[in-house]
Amino acid sequence: MTDFKEFRAYITKMNALASVLEMIDWDNETLAPKESFKQTAVMSSALAGLYHQLISAPELVQMIEDLKKQELRADENAILRLVKKEIEHLREIPQEEYEEYNRLTSVAGSIWAEAKRNNEYSGFAKVLEQLIDLSKKFCKYRGAAGKKAYDLLLDDYEEGFTQKELDLFFDQLKESIVPLLKDIQTKGRKIDTSFLHQPYSVEKQREFCNWLAKYLGFDFDRGVIAESEHPFTTSFHNKNVRITNHFYEDNPMSAIFSLIHETGHALFEMNIADELTQTPAGTQMSMGIHESQSRFYENLLGRSKEFWIPLYGHLQETFPEQLGQVSLDDFADAINVVSADCIRTEADELTYPLHILVRYEIEKAFITEEIDTEKLPKIWNEKYQQYLGITPPDDTKGILQDIHWAGGSFGYFPSYALGSAFGAQMMAHMREVMDVDSILAAGDINVITRYLTAHIHRFGASKSSREILKDMTGEDFNPKYYVEYLENKYRKLYHI
Ligand code: ZN
């Protein structure tokens, strides 16, 4: 008879391989030299093969069968459930095809980077098509339960959410945000942001960001901040959490809000309970809940005037020439300005979900239908015109801007919009149980983090996003909080 310790030792091996694969990704994004990718991909592929062997071994299935008959603690049950889910995910996929997929995602990243650098989409179209085909093939292997391909992919990132439900969610957003954006563009007052777009020393930005990370609760003994093309977060366990940032001399708010966003992810990872870390329940399974936290810090907290009350003085001291004469009110308005632009990662809080809407509709289409990948840039540009009223000047600022599809991550994008909606629902609840504004104004952000840890972070992936929301707010997912929040905030800001 298996005991849980034995099972735990087995998944520690699996977790070690998964973490090494993550470390390679981290290295590829931050420090690895340009010439290294192809040969490193051989390593990734071999390690992924070993991982596949471990997860598809009959021995593991037997252990799970044994343990299912035993009385386990809640955290142990959650680990068991998630390992089972992963087995079901990979079991039907032949090892050679899984290795091929990992090799492909490993090289696709550098093919995408080159295509983006040279503004040559056709260089990427072929590998994207291969990834889509393999992904569809995997869905077929896994589709025995009769689930549709896109539903399977969505479920990988957001358990329990289907295409049908997301169609409803995005329809609601479309109905409300597209006309709201048009109103802002035609009737909204002008908000001055010129003081944010002048030279800000990158060295000073870096210094301020480190100071801000500490204020937010980022623990530098358990975390590292590096630099990469796009800011992101990786975690190997709750005492080794990595975030990256990116600095632009003429746009300090890009680095500041990326830092707040990634620190939101990092706090989640650092606060996962010790019993869960280094297991499948201690990783970021629910992407929506993860994004809810990063966006909670970035937007719901970080873009409020109250958040800046204890911090703005230090920002002014760091940049006296640029901000010395700018009032806190003017600063708080400027960091919330709406501007329809081509780049998702630089988008404001209101237009952001429209960027996601475009990606959602496109990936849903290429997974559920047959679409020539050569045609995608045209579809992309038409949708940008339709929803945001702009057309990207080239593919680098259009379809080539994001790395996700190059990593084979289809079904991932919706989590970003869901995360914002989860966050708004959480905030509506928190405003009922505590005076969020006074807490922020007093510089006590740790009070808020402690509440989020108690209701969200410590559970890692052991609960689904639906369970988290229900247990925290007493209500199932409800997009109305998000739509109401955006309507109220932006109509007030723009006097419309
Ligand atoms: Zn994020």
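In which helix is K214 found? K214 is found in helix α9, where helices (H or I, at least four residues) and strands (E, at least two) are DSSP runs, numbered from the N terminus. This is a predicted model, in which local features need pLDDT of at least 70 and side-chain atom pairs count only at pLDDT 80 or more, while totals for chains, interfaces and linings use all residues. Residues are numbered from 1 along each chain as its sequence is written, and side-chain values use heavy atoms, with hydrogens and water left out.

K214 has a relative accessibility of 58% and therefore counts as exposed. Buried means under 20% relative accessible area, exposed over 50%, and partly exposed in between, with a 1.4 Å probe and protein chains only. The C-alpha atoms of K214 and T263 are separated by 9.6 Å, although the two residues are 49 apart along the chain.

The strands come next. Strand β3 covers residues 240-245, and six of its six residues are buried. In a regular strand the side chains alternate between the two faces of the sheet. In β3, N240, R242 and T244 point one way, and V241, I243 and N245 point the other way. Residues on both sides are buried.

Two strands pair if DSSP finds at least two bridges between them. β3 pairs with strand β1 (residues 223-227) in the parallel sense, over five bridges. Within this pairing, I225 has I243 of β3 as its bridge partner. β3 also pairs with strand β2 (residues 233-237), here in the antiparallel sense and over four bridges. S235 stands opposite V241 in β3. The strands β2 and β3 form a hairpin, with two residues between them.

H261 counts as buried because its relative accessibility is 9%. H265 is buried too, with a relative accessible area of 7%.

Most residues other than glycine have a negative phi, and most peptide bonds are trans. Q278 is not a glycine, yet it has a positive phi of about 65°. Its relative accessible area is 40%, so Q278 is partly exposed. H495, in the segment after α22, has a positive phi of about 55° and is not a glycine either. At 60% relative accessibility, H495 counts as exposed.

The second largest pocket has a volume of about 710 Å³. The elements that give two or more residues to its lining are α11 (287-301), α12 (305-308), α15 (328-334), α18 (414-433) and α22 (480-493). Of these, α22 gives the most, with seven residues. A pocket is an open set of points on a 1 Å grid over the protein atoms alone, where a 1.4 Å probe fits, with protein on both sides within 12 Å along at least five of seven lines; lining residues have an atom within 4 Å of a point. The lining consists of 23 residues, and S304, R431, Y485, K489 and K492 lie nearest the centre of the pocket.

Aromatic rings form another set of contacts. Rings of Phe, Tyr and Trp (its six-membered ring) pair if their centres lie within 6.5 Å; planes under 30 degrees apart count as stacked, over 60 as edge-to-face and the rest as tilted. By this rule the count comes to 31 aromatic pairs. The rings of Y200 and F319 have centres 4.8 Å apart and planes at 65°, so this pair is edge-to-face. The pair links distant parts of the chain, 119 residues apart: Y200 is in the loop between α8 (163-187) and α9 (202-216), and F319 is in the loop between α13 (312-318) and α14 (320-323). Both Y200 and F319 are buried. Ring pairs also link a cluster of residues, among them Y157, Y352, W380 and Y416.

Finally, R359 has its place in helix α16 (residues 352-368). R359 is buried, with a relative accessible area of 0%. The C-alpha atoms of R359 and G411 are separated by 9.5 Å, and the two residues are 52 apart along the chain.

How values were computed: Points joined across faces, edges and corners; volume = space filled by probe spheres on them.
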